[in-house]
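Please examine the sequence and the three-dimensional model shown below. The explanation that follows begins with individual residues and then turns to the chain as a whole.

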Amino acid sequence: MKKIAVFASGSGSNFQAIAVAAQAGTLNVEISLLVCDKPGAFAVDRAEMLGIPALVISPKSYASKAAYETEILQKLAGLEIDMIVLAGYMRLIGPTLLGAYEGKILNIHPSLLPAFPGKDAIGQALAAGVTKTGVTIHFVDEGMDTGPIIASTAVKIAPGETKETLQKKIQRIEHSLYPEVLEQLLNGEEEAVQWEKSVH
Ligand code: GAR
């Protein structure tokens with residue numbers, strides 16, 4: 001069975017959705033480790049509830065990003081990780097991790113990239129007054145929410161939509177799309193999978 005490490009910084013609802021799909025058998029992977037850069041984040045509580053090992057590691061305790069990522073690499077060594085899955089990990093991946101896991105790091109972002117990269121993509125879309133936004137899953141490179149796109153799903157922004165209602169719609173899609181894409185990428189027959197879904 002393929003093995004993944006999930007990286008999260010916050011609530012960890014995507015991490016949980018992946019873990020639940022793995023438990024249900026719709027996603028055939030083992031989550032070998034949760035890596036969390038924010039001590040106290042709810043993602044760590046979820047890992048405990050799900051029985052998944054967690055590494056809580058604060059970048060502030062390291063002299064450089066390279067030193068911080070080297071420590072993560074050491075913890076991943078021996079776990080035979082096939083893919084690193086960023087799920088609300090709010091930190092740029094540096095050359096140390098990128099070099100070690102080239103083409104093997106995925107990210108999910110709550111917009112139709114390249115629109116609205118970075119923090120608060122949902123707030124950015126609402127402020128811009130667009131009528132649709134969405135969810136994008138892509139390979140990670142050195143940029144902020146850049147890298148080749150694997151899948152995206154559009155979401156309509158209804159009149160009177162609030163950040164809370166839009167976030168709910170977006171997260172519902174994220175929680176089904178991420179396990180689906182992971183299953184295709186790690187266990188699918190096609191080498192390159194690319195698909196786009198219609199507006200919800
Ligand atoms: C998700 O909506 C994810 O798309 C977003 O953070 C949220 C994490 O939620 N990621 C980014 O904005 C990356 N730039 P979660 O902790 O409940 O999974």
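**From two residues to the whole chain**

In this predicted model, Asn14 lies in helix α1, which spans residues 13–24. Is Asn14 buried or exposed? Its relative accessible area is 7%, and the cut-off for a buried residue is under 20%; Asn14 is therefore classed as buried. When residues up to four places away in sequence are set aside, Asn14 is in contact with Ala87, Ile108, Gln171, Glu174, His175 and Tyr178.

Gly12 belongs to the loop that connects β1 (2–8) with α1. With a relative accessibility of 8%, Gly12 also counts as buried, because the limit for that class is under 20%. Which residues does Gly12 touch, leaving out those up to four places away in sequence? They are Ala43 and Arg46.

The view can now widen to the fold. The protein chain contains six helices and eight strands. Along the sequence, these elements follow the order β-α-β-α-β-α-β-α-β-α-β-β-α-β. The radius of gyration of the protein chain is 16 Å, close to the 16 Å given by the globule rule for 200 residues, so the chain is as compact as a globular protein of that length. Taken along the principal axes, the box filled by its C-alpha atoms is roughly 50 × 40 × 30 Å.

Of the contacts in the protein chain between residues at least 6 apart in sequence, 63% join residues at least 24 apart. Buried residues account for 46% of the 200 residues, and Asn14 and Gly12 are among them. The protein chain exposes about 9800 Å², of which carbon and sulfur atoms supply 53%.

Finally, the confidence scores bear on how the model may be read. The mean pLDDT of the protein chain is 95, and 94% of its residues reach 70 or more. The model scores are ipTM 0.99 and pTM 0.95. Where pLDDT is low, the predicted coordinates should not be read in detail.

Conventions:
Residues numbered from 1 in each chain as written. Predicted model: local features only at pLDDT ≥ 70, side-chain atom pairs only at ≥ 80, totals over all residues. Heavy atoms only, no water. pLDDT = per-residue confidence, 0-100. Helix = DSSP H or I, 4+ residues; strand = E, 2+ residues; numbered from the N terminus. Rg over C-alpha atoms; globule rule 2.2 N^0.38 Å. Buried < 20%, exposed > 50% of the residue type's maximum accessible area, 1.4 Å probe, protein only. Contact = heavy atoms within 4.5 Å. Areas by Shrake-Rupley, 256 points an atom, 1.4 Å probe, with all protein chains shown as cover.
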